[in-house]
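Q: I have a model open on my screen and would like to learn how to read it one residue at a time. Could you walk me through it?

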Amino acid sequence: MSFLTSNSQLLLEKSMGYLWTKQAAILDNIANAETPNYKAKVVTFEESLRNKLQARLSSTRYGASSGKYLLGEAGRQTEAEEAAQGLSRMGTQSIRGIIEEAEPVVFEAQEQTRMDDNGVNTTDQMVELVRNAYQQQYVYQAINKHYSILRMAVKGQ
């Protein structure tokens, strides 16, 4: 039912998937805190989304040019203004496709914290677990608010 979900709702759903993946990685890290040669898992989503947006933006600027607008002496744009113009040219469906394509990326951190080559710092992992729980709570609240607004619109109140 894509007509009921906006791009922001889709992004919230993708964020929830990212947070679940991140929670699983953190719990794996904590469970393997005493395993020799274990490298901590790190999950990113923002980089994947940013890279897909930048790739699409650069392909929409004067075809597939190098990515900078050719402006006269007087017309200098900031990167934020340039990105906003690019996003408005791309359209809602194109942005929706980018959001749908973006997925969380899990990789192993190459740092070690102990002599047995284990890369897990349990204190950092516990802090990240709590931070992740708060982020999940905020995303749940935002999703709930979105559906409350839809429910209110359907009921006409």
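Q: Let's begin with N118: is N118 buried or exposed?

A: Keep in mind that this is a predicted model. A residue counts as buried when its relative accessible area is under 20%. N118 has a value of 0%, so N118 is buried.

Q: How much of the protein counts as buried?

A: Of its 157 residues, 30% fall in that class.

Q: Where in the chain is N118 found?

A: Start with the order of elements. The protein has five helices and two strands, and from the N terminus on they run α-β-α-α-α-β-α. N118 sits in the loop between β2 (105–108) and α5 (122–155).

Q: Which backbone oxygen atoms does the side chain of N118 reach?

A: For a polar contact, look for a pair of N or O atoms within 3.5 Å. The side chain of N118 reaches the backbone oxygen of N32 at 3.1 Å. A polar atom of that side chain also lies 2.6 Å from the backbone oxygen of T35.

Q: Which residues does N118 touch, leaving out those up to four places away in sequence?

A: N118 touches N32, A33, E34, T35, N37, Y38, Q112 and T113.

Q: And what share of the protein's contacts with a separation of 6 or more joins residues 24 or more positions apart?

A: Such pairs account for 78% of those contacts.

Note on methods:
Residues are numbered from 1 along each chain as its sequence is written. This is a predicted model: local features need pLDDT of at least 70, side-chain atom pairs count only at pLDDT 80 or more; totals for chains, interfaces and linings use all residues. Side-chain values use heavy atoms; hydrogens and water are left out. Helices (H or I, at least four residues) and strands (E, at least two) are DSSP runs, numbered from the N terminus. Buried means under 20% relative accessible area, exposed over 50%, partly exposed in between (1.4 Å probe, protein chains only). A polar contact is a pair of N or O atoms within 3.5 Å; within protein, one must be able to donate a hydrogen and the other to accept it, and residues adjacent in sequence count only if both atoms are side-chain atoms. Contact means heavy atoms within 4.5 Å.
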